[in-house]
Amino acid sequence: MNGINLIIAFETKPELSTQFHALLKQAKKDLSSVEGCNQVRFYAATEDSHLFTLIENWDSKQAHQNHISHVIASGAWAAIAAHLSKEPVSHYYQEIDGL
């Protein structure tokens, strides 16, 4: 898949893991209609129920940053952040051709 991949690791407050999981289900629906978002996959750690990873594929880094600006401005990010025990860790990745 072309574009840029974003990998985000979240750690929720243990008592809010179930609610965060519900937020992810809604986010997956919402992201499917966001311009520039090609794919979203969510993962939950098998050994720690409050660790989640998202892998998103975007047309470009700018397309993702435009989306995040909207999420922050709308207040949706504050609702997500309230479930977290610490700031998420995220990085953009480009697939290595030929591997």
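Start by selecting β1 and β3: these two strands pair in the antiparallel sense, over eight bridges. Keep in mind that this is a predicted model.

**Stop 1: across the sheet from β1**

β1 covers residues 4-11, and β3 covers 51-58. Which residue of β3 stands opposite F10? It is F52. Now click on A9. Its bridge partner in β3 is T53.

β1 and β4 run antiparallel and are joined by five bridges. Select I8 to see one such link: its bridge partner in β4 is S90.

**Stop 2**

Select residues 37-44, which form strand β2. How many bridges join β2 to β3? There are seven, and the two strands run antiparallel. Pick out Q39 and find N57 of β3 standing opposite. Then trace the chain from β2 into β3. A hairpin of six residues makes the join.

**Stop 3: inside β3**

Is β3 largely enclosed or largely open? Six of its eight residues are buried, so β3 is largely enclosed by the rest of the structure.

Zoom in on L54, a residue of strand β3. Its relative accessibility is 5%. Buried means under 20%, so L54 counts as buried.

What surrounds L54? Setting aside neighbours within four places in sequence, L54 is in contact with L6, I7, I8, F10, L24, R41 and F42. Select that group together with L54 to see the contacts.

**Stop 4: the salt bridge**

Side chains of opposite charge can pair when their charged atoms come close. How many salt bridges does the structure hold? It holds one. To find it, select K86 and E11, whose side chains meet at 3.4 Å, N to O. K86 lies in the loop between α3 and β4, while E11 is in strand β1, so the pair ties together parts that are 75 residues apart in sequence. With a relative accessible area of 23%, E11 is partly exposed.

**Stop 5: a loop residue**

Move to L16, in the loop between β1 and α1. Beyond its neighbours within four places in sequence, L16 is in contact with A82 and H83. The C-alpha atoms of L16 and H50 are 8.1 Å apart, although 34 residues separate them along the chain.

**Stop 6: the largest pocket**

Rolling a probe the size of a water molecule over the atoms shows where empty space is left. Here, the largest pocket holds about 660 Å³ of space. Select H67, I68, V71, W77 and I80 to find its centre: of the 29 lining residues, these lie nearest to it.

Now colour by element. Which element gives the largest share? It is α2, with eight residues.

Finally, colour the lining by class. You will find 20 nonpolar, seven polar and two charged residues.

How values were computed
Residues numbered from 1 in each chain as written. Predicted model: local features only at pLDDT ≥ 70, side-chain atom pairs only at ≥ 80, totals over all residues. Heavy atoms only, no water. 1 Å grid on protein atoms, 1.4 Å probe; cavity = no way out; pocket = protein on both sides within 12 Å on 5 of 7 lines; lining within 4 Å. Points joined across faces, edges and corners; volume = space filled by probe spheres on them. Helix = DSSP H or I, 4+ residues; strand = E, 2+ residues; numbered from the N terminus. Nonpolar A, V, L, I, M, F, W, Y, C, P; charged D, E, K, R; others polar. Buried < 20%, exposed > 50% of the residue type's maximum accessible area, 1.4 Å probe, protein only. Contact = heavy atoms within 4.5 Å. Salt bridge = Lys/Arg side-chain N within 4 Å of Asp/Glu carboxyl O. Pairing = 2+ DSSP bridges.
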